[in-house]
Amino acid sequence: SKPAVAIKPTQPVAGKPIVKPTIEPTTTIVKEEPTTQKVEETTTQLNTETSEETTTEIVETTTKDIWAEREAEYPVATYIWLYMKDLGWSDAVCSGVMGNIMAEVGGQTLNIKPYLYSGSYYGICQWYLPYTTRDIAGAGLEAQCNYLRDTVKKEMNTFGYKYSSSMNYSNFLALSSPSEAAVAFAKCYERCASFSYGIRQTNAQKAYNYFVG
């Protein structure tokens, strides 16, 4: 007998049409990220950063305004103060020095007259011209500040004993009281009459209140 003939799947069987198997569609589940939380966190971060930037800008603007007002009211005193601060001197030391300058050429005020001559004395500290180590007669404000910077160390180290046995330039810069700094500068640098110590201390506190608050 003949072998059986295989029926191809593409041919109808017993006169029935081919029925293709039904393929169920595959459903892909996509897990959604918690975007709401991320948005909230990002918004909070942006708000915080914006708030900090705004606060910084306000503080900087306010500070600039304050110094502009000080410069307009007392231009010379403000220049000297900022010069001393740039040297790294503390508020107390700057106040002590300023208190002496106020007594020398400010009439006990911050209205400093830097070009004042008084006989053989000149400038913000009323330097005795024959004693000065450089020609500063008629010198401008910056040159005077430079001279103060260049001479205060030697004067404090040489005459520090007039304030205390341990006083020197380093200890002077370490003083934390405007009143103490004023007396130390008066005794060791200005070497002025003792009756003016009190007013120089008062001036120093005025300077501190004005520039520091």
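Is cysteine 145 buried or exposed? At 2% relative accessibility, cysteine 145 counts as buried, where buried means under 20% relative accessible area, exposed means over 50%, and partly exposed lies in between (1.4 Å probe, protein chains only). This report concerns a predicted model, in which local features need pLDDT of at least 70 and side-chain atom pairs count only at pLDDT 80 or more, while totals for chains, interfaces and linings use all residues. Residues are numbered from 1 along each chain as its sequence is written, and side-chain values use heavy atoms, with hydrogens and water left out.

**Cysteines**

A disulfide is a pair of cysteine sulfur atoms within 2.5 Å. By this rule, the count of disulfides is zero. For cysteine 145, the nearest cysteine sulfur belongs to cysteine 125 and is 8.7 Å away. Cysteine 188 is likewise buried, because its relative accessibility is 0%.

**The largest pocket**

A pocket is found on a 1 Å grid over the protein atoms alone: it is an open set of points where a 1.4 Å probe fits, with protein on both sides within 12 Å along at least five of seven lines. Grid points are joined across faces, edges and corners, and a volume is the space filled by probe spheres set on the points. The largest pocket has a volume of about 430 Å³. Its lining, made of residues with an atom within 4 Å of a point, comprises 20 residues, of which Cys125, Gln126, Trp127, Tyr128 and Glu190 are the closest to the centre.

Helices (H or I, at least four residues) and strands (E, at least two) are DSSP runs, numbered from the N terminus. Strand S3 (127-128), helix H4 (141-159) and helix H6 (178-190) are the elements that give two or more residues to the lining of the largest pocket. Helix H4 gives the most, with five residues. By residue class, the lining holds nine nonpolar, five polar and six charged residues; here Ala, Val, Leu, Ile, Met, Phe, Trp, Tyr, Cys and Pro count as nonpolar, Asp, Glu, Lys and Arg as charged, and the others, Gly among them, as polar.

**Aromatic rings**

Rings of Phe, Tyr and Trp (its six-membered ring) pair if their centres lie within 6.5 Å; planes under 30 degrees apart count as stacked, over 60 as edge-to-face and the rest as tilted. The count comes to ten aromatic pairs. Two tilted pairs are set out below.

| Pair | Centre to centre | Angle between planes |
|---|---|---|
| Tyrosine 117 and tyrosine 122 | 4.5 Å | 40 degrees |
| Tyrosine 121 and tyrosine 128 | 5.1 Å | 40 degrees |

Tyrosine 117 is partly exposed at 45% relative accessibility, whereas tyrosine 122 is buried at 1%. In the other pair, tyrosine 121 is partly exposed at 37%, and tyrosine 128 is partly exposed at 42%.

Elsewhere, Trp67, Tyr74, Trp81, Tyr210 and Phe211 form one aromatic cluster. A charge sits over a ring if NZ of Lys or CZ of Arg is within 6 Å of the ring centre and within 35 degrees of the ring normal. The charged end of arginine 70 sits over the ring of tryptophan 67, 4.5 Å from its centre, and over the ring of tyrosine 210, 5.9 Å from its centre.

**Positive phi angles**

Most residues other than glycine have a negative phi. Glutamine 126, however, has a positive phi of about 50 degrees. This residue is found in the loop between strand S2 (121-122) and S3 and is buried at 11% relative accessibility. Arginine 191 also has a positive phi of about 50 degrees. Arginine 191 lies in the loop between H6 and helix H7 (197-211) and is partly exposed at 30% relative accessibility.
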